[in-house]
Amino acid sequence: MTQTKIAVIGGSGIYEIDGLENAEWVTVETPWGNPSDQILTGSLDGIEMAFLPRHGRGHVHSPTEVPYRANIDALKRLGVTDVISVSACGSFREHMAPGDFVIVDQFIDRTFAREKSFFGTGCVAHVSVAHPTCPRLSDACETAGKTAGITVHRGGTYLAMEGPQFSSLAESKMYREHWGCDVIGMTNMPEAKLAREAELCYASIAMVTDYDSWHPDHGEVDVTAIIATLTGNAEKGRALVKGLPAVLGAERAPCPHGCDRALEYAILTAPEKRDPALLAKLDAVAGRVL
Ligand SMILES: CSC[C@H]1O[C@H](OP(=O)(O)O)[C@H](O)[C@@H]1O
Ligand SMILES: Nc1ncnc2[nH]cnc12
């Protein structure tokens with residue numbers, strides 16, 4: 001048994017959380033550069049928490065420029081066990097309406113201008129992301145969300161696009177009609193892949209803010225309307241986060257799905273061929289197996 005430490009990565013419109021005991025913004029340095037911002041640490045119902053605003057306070061980083069590797073490394077370095085991503089998203093499904101939460105379980109990664117791995121020349125590793133989110137942590141999010149009275153959809157495929165522009169109508173229709181996607185956003189990839197490499201359980205709560213551009217009864221995506229919907233939902237998000245400690249508990253059994261052992265057989269580079277400089281950078285992420 002280990003101690004649960006929950007991190008919340010807050011997306012657009014979510015730049016802090018309240019209610020933490022002993023709340024303190026801390027600076028975390030990583031070998032991958034600076035995280036998006038300082039990290040707010042504290043506790044909630046006796047469970048250690050960390051909060052990181054993905055775009056930084058004041059919304060400084062674009063989806064392409066979010067320092068995803070530094071963010072995940074920093075959370076690992078702080079001893080986080082479980083990462084909950086909270087994001088704004090567009091919906092491709094009529095019944096996934098603005099204001100609803102979708103607990104995403106699959107991704108199609110269309111991003112192309114981001115560093116997607118901690119590994120590379122000098123230490124090559126291949127982890128599975130067949131199931132990129134953690135079912136145990138997703139269960140906890142679903143329970144906490146429903147307890148808070150939120151309309152929660154369990155399961156959904158998230159199209160991760162590069163951005164920063166929203167999709168064209170043709171893209172929106174293709175993702176919805178031919179690719180079977182349910183929601184769209186710009187940030188959950190490579191975040192989810194990196195969390196898996198860092199052996200962190202990862203769950204994604206996508207808060208629907210709009211119908212992207214496919215819906216005949218709704219206009220084009222408008223960032224002002226997105227933020228207005230998000231602001232209206234902030235209380236729901238806070239209620240969900242407040243319910244998580246009670247659902248997860250302080251004592252943490254190993255992940256039944258193996259998220260916390262993802263690197264067990266993943267590293268291919270022979271020990272004598274490994275690059276000491278890269279190994280040094282991997283101290284937090286892969287220290288358990290190196
Ligand atoms: C504010 S509209 C587009 C922006 O919002 C989402 O950010 P996040 O996932 O961090 O909530 C979306 O992915 C885009 O980055
Ligand atoms: N329609 C949309 N496309 C991409 N990212 C989004 N974030 C919120 N709504 C979005």
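Biologist: Which residue in β12 stands opposite valine 104?

Modeller: Two strands pair if DSSP finds at least two bridges between them; strands (E, at least two residues) and helices (H or I, at least four residues) are DSSP runs, numbered from the N terminus. In this predicted model, valine 104 stands opposite serine 204 in β12. Strand β7 (residues 101–104) and β12 run antiparallel and are joined by 4 bridges.

Biologist: On what conventions do these names and values rest?

Modeller: Residues are numbered from 1 along each chain as its sequence is written, while chains are lettered from A and ligands numbered from 1 in the order in which they are written. Since the model is predicted, local features need pLDDT of at least 70 and side-chain atom pairs count only at pLDDT 80 or more, whereas totals for chains, interfaces and linings use all residues.

Biologist: Do β6 and β12 run parallel or antiparallel, and how many bridges join them?

Modeller: β6 and β12 run parallel, with 9 bridges between them. Cysteine 89 stands opposite valine 208 in β12.

Biologist: How many residues of β12 are buried?

Modeller: Burial is read from C-beta atoms placed from the backbone: with 20 or more others within 10 Å a residue is buried, with 12 or fewer it is exposed, and in between it is partly exposed. In β12, 10 of the 10 residues are buried, so the strand is largely enclosed by the rest of the structure. Helix α4 (residues 188–197) is likewise mostly covered, with 10 of its 10 residues buried; among them are Met189, Lys193 and Arg196. Just after α4, glutamate 199 takes a positive phi of about 60 degrees. For the protein as a whole, 48% of the 290 residues count as buried.

Biologist: Is leucine 44 buried or partly exposed, and what does it touch?

Modeller: Leucine 44, in strand β4 (residues 39–44), has 19 C-beta neighbours inside 10 Å and so counts as partly exposed. Residues are in contact if their C-beta atoms, placed from the backbone, lie within 7 Å. Not counting residues up to four places away in sequence, leucine 44 touches Gly19, Leu20, Met49, Lys242 and Pro245.

Biologist: Which residues touch the most other members of the largest nonpolar core?

Modeller: Such a core is a set of buried Ala, Val, Leu, Ile, Met, Phe, Trp, Tyr and Cys residues joined through C-beta atoms within 7 Å. The largest has 82 residues, of which Ala7, Val83, Ile84, Val183 and Leu200 touch the most other members. β12 gives the most to this core, with 7 residues. Leaving aside neighbours within four places in sequence, isoleucine 84 is in contact with Ile6, Ala7, Val8, Leu137, Cys141, Ala203 and Ile205.

Biologist: Which residues are closest to ligand 1, and which to ligand 2?

Modeller: A residue is near a molecule if its C-beta atom, placed from the backbone, lies within 6 Å of it. Ligand 1 is surrounded by 13 residues, the closest being Gly11, Ser12, Ser87, Gly185 and Met186. β6 and α5 (223–248) are the elements that give two or more residues to that shell. Ligand 2 is also surrounded by 13 residues, the closest being Ala88, Gly90, Ile184, Gly185 and Asp212. Here β6 (82–91), β11 (183–185) and β12 (201–210) each supply at least two residues, and the largest share, 3 residues, comes from β6.

Biologist: How many helices and strands does the protein have?

Modeller: The protein has 7 helices and 13 strands. Of its contacts with a separation of 6 or more, 82% are between residues 24 or more positions apart.

Notes:
Two residues are in contact if their C-beta atoms, placed from the backbone, lie within 7 Å.
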